[in-house]
Amino acid sequence: MKKFLLQISLFVFVFFILFGVPNILYSVILRVRTNFKLQENQTVLFIGDSYIEHGINDNLIPCTFNFARSAEPYLDIYPRLKVLLEANPQISTVFIGATPLSLAVESDHRRIFLSDMIYLLRTNILFYSPEELSIIPPKSYLQTILNGRSTIKSIFLIVKTIAGKNVLLKNFGGFRESDMQHLEKSLISGKEERNRIWVDIDSPHYGNKLQVKYLKKILDLVQSHGARAILLSTPVYHEEEFFDVPYFEITMKTEFSNVEFWNYANFPVPDECRQDVKHLNKWGAEIFSKELARRMREEGIIPPDAPETGSEGERLQM
């Protein structure tokens, strides 16, 4: 029996060394090595989930920086934004993604208690306060540390970092270009998802309480920085068919009625410029980004004569 227990213990130890250590090192490297300082002319931030990540090409909007990442809940955005704002006193405007999905009636469960949190944790774990750490289910930590797919990515990042070829800030979010045109395929799956029951109404994780709470914390953080906060909804395909728009409108009216909101959900974009029901592809992002740039110049958020920001390599720094 003793021998068996020893073998099991040895197996667990080796397994942890092979899979756990690289993921832990990944988190440490990102926290310690990343320089969050942007260029002085970058005064506008875009934060949010995949809608912002795929929908806004900050190369086409002067003085901006896209810091969005797929599936990211406000709980995840908040601690990273705190660090970025502290490092960049020049930031004067923050656009925050707000959609019927990010504030849906089941958004807490979908964003925090499903598998999306596993890949997000690996990046953000060392940014959380004790309060945020206590919210995340314990099993998510184990799944994050012992995730084989994440381990391979972690090793790749560590090797690139040692070689001095990795731009660490890019790992936290940014514009993701896509040339996919899968709108037709997503029409069916989108309707199926719309009618799917994600979590029982009696579950303690039913609702959007955490999403609303951390969106308010983000707004307070931006205000304390002295910056202008603007909620932003990107173009989607026939929003009312795939999302609970009435619930979203009620949430916005009851919780965020005093917050500036730029709602572009129904902004006209050709079907071939959509990645799927929810997201724009690179051509849609170009159309939408140029429209945003026009309005931002008009409202004085960016200078009327400001040149385009430049290439990704110029914007992101070690």
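## Close-up views of a predicted model

Across this predicted model, the count of salt bridges comes to 13. The views below start with a few of those pairs and then move on to the sheet, a helix, some loops and the confidence scores.

**View 1. Arg69, Glu72, Asp76 and Arg80 belong to one network, joined by salt bridges that share partners.** As background, side chains of opposite charge can pair when their charged atoms come close.

**View 2. Lys216 and Glu255 make a salt bridge between two helices.** The N to O distance for this pair is 2.5 Å. Lys216 sits in helix α10, while Glu255 belongs to helix α12 (residues 245-255), so the pair ties together parts of the chain that are 39 residues apart in sequence. Lys216 has 33% relative accessibility and therefore counts as partly exposed. Glu255, at 31%, is partly exposed as well.

**View 3. Five strands form an open sheet with parallel pairing.** Reading across the sheet, the order is β2-β1-β3-β4-β5. Which strands sit at the edges? They are β2 (64-66) and β5 (260-263), each of which pairs on one side only. From one strand to the next, the twist averages 20°. Helix α3 (residues 74-87) packs on this sheet, where it touches β1 (44-47) and β3. The direction of α3 makes about 160° with that of β1.

**View 4. Strands β3 and β4 run parallel and are joined by five bridges.** Here β3 covers residues 93-97 and β4 covers residues 228-233. To get your bearings, find Val94: its bridge partner in β4 is Ala229. In general, strands of a sheet pair through backbone hydrogen bonds, either parallel or antiparallel.

**View 5. Helix α10 takes in residues 209-224.** The buried residues in α10 include Leu210, Val212, Tyr214, Leu215, Ile218, Leu219 and Val222. Gln211 and Leu221 of α10 are buried as well. An α-helix has 3.6 residues a turn, so residues three or four places apart point the same way. After α10 comes Gly226, with a positive phi near 85°.

**View 6. Ala71 and His238 have positive phi values although neither is a glycine.** For context, most residues other than glycine have a negative phi. Ala71 has a phi near 65° and is found in the loop between β2 and α3. With 16% relative accessibility, Ala71 counts as buried. For His238, phi is about 45°. His238 lies in the loop between β4 and α11 (239-242), and its relative accessible area of 36% makes it partly exposed.

**View 7. Thr43 is found in the loop between α1 (2-33) and β1.** At 17% relative accessibility, Thr43 counts as buried. What does Thr43 touch, leaving aside residues up to four places away in sequence? Its contacts are Cys63, Gln90, Ile91, Ser92, Thr93 and Ile301.

**View 8. Residues 310-318 have pLDDT under 50 throughout.** For this stretch, the model has 28 contacts beyond four places in sequence. Where pLDDT is low, the predicted coordinates should not be read in detail. For the chain as a whole, pLDDT averages 85, and 83% of the residues score at least 70.

How values were computed. Residues are numbered from 1 along each chain as its sequence is written. This is a predicted model: local features need pLDDT of at least 70, side-chain atom pairs count only at pLDDT 80 or more; totals for chains, interfaces and linings use all residues. Side-chain values use heavy atoms; hydrogens and water are left out. Two strands pair if DSSP finds at least two bridges between them. Helices (H or I, at least four residues) and strands (E, at least two) are DSSP runs, numbered from the N terminus. Axes are lines fitted to C-alpha atoms, for helices over the stretch in contact, and angles run from 0 to 180 degrees between N-to-C directions. Contact means heavy atoms within 4.5 Å. pLDDT is the predictor's confidence in each residue, from 0 to 100. The expected span of a helix is 1.5 Å times one less than its number of residues. Buried means under 20% relative accessible area, exposed over 50%, partly exposed in between (1.4 Å probe, protein chains only). A salt bridge is a side-chain nitrogen of Lys or Arg within 4 Å of a carboxyl oxygen of Asp or Glu.
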